[in-house]
Amino acid sequence: DSGPKYDFVIVGGGTSGLVIANRLSENKAITVAVIEAGDSVFNNPNVTNVFGYGRAFGTHIDWAYQTEDQEYAGGSKQIMRAGKAIGGTSTINGMSYTRAQSVQVDAWELFGNKGWNWDSLFPYYQKSEMFQIPILNQISRGADYYITYHGMNGPLKVGWPTEITNRTMLPALDQTFNQLGVTFNRDVNGGSMVGLTSHPNTVNSEENVREDAARAYYWPYQNRSNLKIITNTSANKIIWSSNSHSEATAVGVEVTTAHGVETIYASKEVILSAGSLKSPVLLELSGVGNPDILRKYNIPIKVNISTVGENLQDQTNNGLSYQGTEFWLGSPTFSVLPSANQIYGNNVSNVASYVNSSMAEYAKVVSNSSKGAVQEANILAAFKLQYDLIFESQVPFAEIVLLPIADSFSSEYWPLLPFSRGSVHIKSANASMPASINPNYFMFKQDLDAQVDVARFIRKAFMTAPLSDFVGDEYTPGMENLPDSASDSQWDDWVKSNYRSNFHPVGTASMLPRNMGGVVSPELKVYGTKNVRVIDASVLPFQLCGHLTSTLYAVAEKAADMIKKQYRL
Ligand code: FAD
């Protein structure tokens with residue numbers, strides 16, 4: 001045991017990992033190391049520029065994970081983007097700050113995670129946040145809020161970009177969507193998300209630069225002598241104690257640096273925060289997972305949890321775009337979050353009964369496609385919850401982002417709660433080899449239908465005055481390609497050839513009771529281990545209607561408190 005030694009070793013200096021590192025190192029008696037594959041992006045203009053969404057894609061700070069061929073979605077592979085940098089994916093994301101519908105977080109507790117509900121998470125959303133009250137110019141362009149929803153003293157700056165799209169836009173959108181049954185929601189961050197909104201972003205409003213996990217939680221604290229970030233270094237696997245404990249006990253992490261392979265030792269805990277496409281892979285490389293998979297690669301089985309890497313849930317993103325009749329300056333922050341009732345109108349009960357009658361079959365398909373690793377009864381229970389959220393609680397069914405930029409008016413949209421379930425698993429015992437990532441996009445007809453139905457709703461919105469006055473020809477999909485008379489199957493084909501990942505993968509190390517398919521406990525501890533946690537998007541058991549970072553910051557804040565309590569820090 002000659003390598004460097006710390007109390008806590010965190011794998012992944014991303015969105016979640018830096019929260020944990022920050023909070024644990026508040027106690028000077030505790031040493032914390034963060035292992036991060038990437039490097040600083042503090043001065044990278046592809047990161048800092050608030051208009052720069054997409055510029056980092058495909059550069060060296062994008063993992064650009066590739067999926068397997070998507071057999072239900074036209075056959076081609078997809079790219080799943082994720083940040084490789086101090087700050088992780090928060091350095092390349094779209095900066096939208098929207099939380100979740102309260103009932104979705106309450107569902108965590110209903111499914112056996114004691115202490116995890118909206119009310120108990122809410123103070124942690126606030127703890128992480130430094131809300132920047134919009135100035136009059138921003139308010140006149142749509143920025144709106146209830147101050148009681150927000151935190152004023154946290155590390156993470158939340159607010160609006162300096163320049164928001166001109167002031168005539170929001171009233172016009174409001175008038176249009178009112179006719180489609182969607183009303184204005186002043187602030188979606190109080191647990192009730194349905195409506196048209198101008199949501200805040202993770203942005204430093206004053207300096208007009210992106211706010212990310214590193215700027216919030218790391219850079220102002222980088223001089224703490226008990227906090228060490230080890231960059232350009234990849235974790236390969238957990239090293240276990242060779243003593244026979246009843247529970248698997250981690251003693252450190254094997255890493256590859258520029259100089260070779262070494263071990264970084266942890267006297268208290270190893271915490272995996274490598275993201276939902278990496279943390280489960282690291283578990284498998286360490287012998288925690290499905291024995292059938294581990295045996296294939298001669299990895300000794302440390303803990304048998306067949307659902308490691310299963311339950312992968314992502315959304316699919318697509319868009320319609322139009323010629324603009326004006327020239328728009330500034331950043332748009334308009335989203336529409338319609339419920340199923342608002343999307344489907346009179347047809348909603350038909351859709352609900354179709355979904356209701358399909359779920360048993362869907363559950364069978366998911367279980368079979370996981371070769372039984374996911375139990376049919378467990379996935380069926382998750383589907384019933386999802387059905388209730390969509391059709392009873394009427395959580396948002398889709399997010400539609402409206403983008404009047406320069407001389408075009410486009411939209412991006414994604415149905416929020418798909419039924420498809422996929423997986424991420426190792427394809428080799430060698431940590432430098434890519435994993436097999438398969439989200440199974442459009443595994444079920446309902447997911448494809450949802451994509452088409454929301455597209456039709458958006459087209460209807462763009463044809464409704466006064467929004468219709470702002471647009472000319474439809475560029476995508478284009479009336480000549482898909483006239484209003486186009487059949488469902490023509491729309492299906494368009495969706496399959498134009499969709500992309502929405503980059504919101506969750507669930508691959510779900511926080512659920514072990515007999516319900518969980519990988520981590522309500523303390524986010526990996527079952528069967530004494531001192532290994534997962535704290536990142538992997539642990540969210542169900543997809544959320546909000547963008548993910550706000551909730552991940554809150555979850556990590558709460559987790560940090562639980563760790564501090566356990567060790568009386
Ligand atoms: P990450 O932030 O990805 O952190 C994981 C870290 O681990 C990374 O730094 C990575 O380099 C490191 N790592 C991985 N493997 C290893 C290893 N073996 N060794 C060492 N280090 C390793 N969310 C929003 O809230 N709003 C948005 O507008 C939004 N838009 C998005 C747009 C895009 C293009 C993408 C990709 C995502 C978007 N999201 C958005 C989602 C959100 O950003 C992510 O869900 C979230 O940042 C994930 O946080 P995490 O802590 O799980 O992982």
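A salt bridge is a side-chain nitrogen of Lys or Arg within 4 Å of a carboxyl oxygen of Asp or Glu. The views below show a predicted model.

**View 1. Salt bridge between D7 and K268.** The closest N and O atoms of D7 and K268 are 3.4 Å apart, and the two residues form a salt bridge. D7 counts as buried because its relative accessibility is 12%, under the 20% limit. K268 is partly exposed, at a relative accessible area of 24%.

**View 2. Salt bridge between K427 and E68.** In this pair the closest N and O atoms are 3.5 Å apart. K427 sits in the loop between β20 (423-425) and β21 (436-438), whereas E68 sits in the loop between β3 (65-66) and β4 (79-80); the two are 359 residues apart. K427 is partly exposed at 44% relative accessibility, and E68 is partly exposed with a relative accessible area of 25%.

View 3. The side chains of K445 and D449 meet in a salt bridge, with an N to O distance of 2.9 Å. Both residues lie in helix α13 (residues 445-462), four residues apart, or about one turn of the helix. D449 is buried, its relative accessible area being 18%.

**View 4. Salt-bridge network.** R23, E26, K127, E557, D561 and K564 are linked in a network of salt bridges. The structure as a whole holds 18 salt bridges.

View 5. The ligand is surrounded by 38 residues, and the closest are T15, S16, E36, T89 and T549. An oxygen atom of the ligand lies 2.6 Å from a polar side-chain atom of T89. For T549, a side-chain N or O atom is 2.6 Å from an oxygen atom of the ligand. A polar backbone atom of A85 is 3.1 Å from a ligand oxygen atom. The ligand taken alone exposes 1000 Å², of which the protein buries 96%.

**View 6. Shell around the ligand.** By class, the shell has 14 nonpolar, 19 polar and five charged residues. At least two shell residues come from each of α1 (15-24), β11 (234-240) and α15 (548-566). The most are given by α15, with three residues.

**View 7. Nonpolar surface patch.** I133, I147 and M152 make a nonpolar surface patch of about 250 Å². I147 lies in the loop between α5 (136-139) and β6 (156-159). I147 is partly exposed, with a relative accessible area of 40%.

Technical notes. Residues are numbered from 1 along each chain as its sequence is written. This is a predicted model: local features need pLDDT of at least 70, side-chain atom pairs count only at pLDDT 80 or more; totals for chains, interfaces and linings use all residues. Side-chain values use heavy atoms; hydrogens and water are left out. A residue is near a molecule or strand if one of its heavy atoms lies within 4 Å of it. A polar contact is a pair of N or O atoms within 3.5 Å; within protein, one must be able to donate a hydrogen and the other to accept it, and residues adjacent in sequence count only if both atoms are side-chain atoms. Accessible areas come from the Shrake-Rupley method with a 1.4 Å probe; for residues, only the protein chains shown count as cover. Ala, Val, Leu, Ile, Met, Phe, Trp, Tyr, Cys and Pro count as nonpolar, Asp, Glu, Lys and Arg as charged, and the others, Gly among them, as polar. Patches are made of residues with over 30% relative accessible area and no salt bridge: like charges are joined within 9 Å, nonpolar side chains (Val, Leu, Ile, Met, Phe, Trp, Tyr) within 5 Å. Buried means under 20% relative accessible area, exposed over 50%, partly exposed in between (1.4 Å probe, protein chains only).
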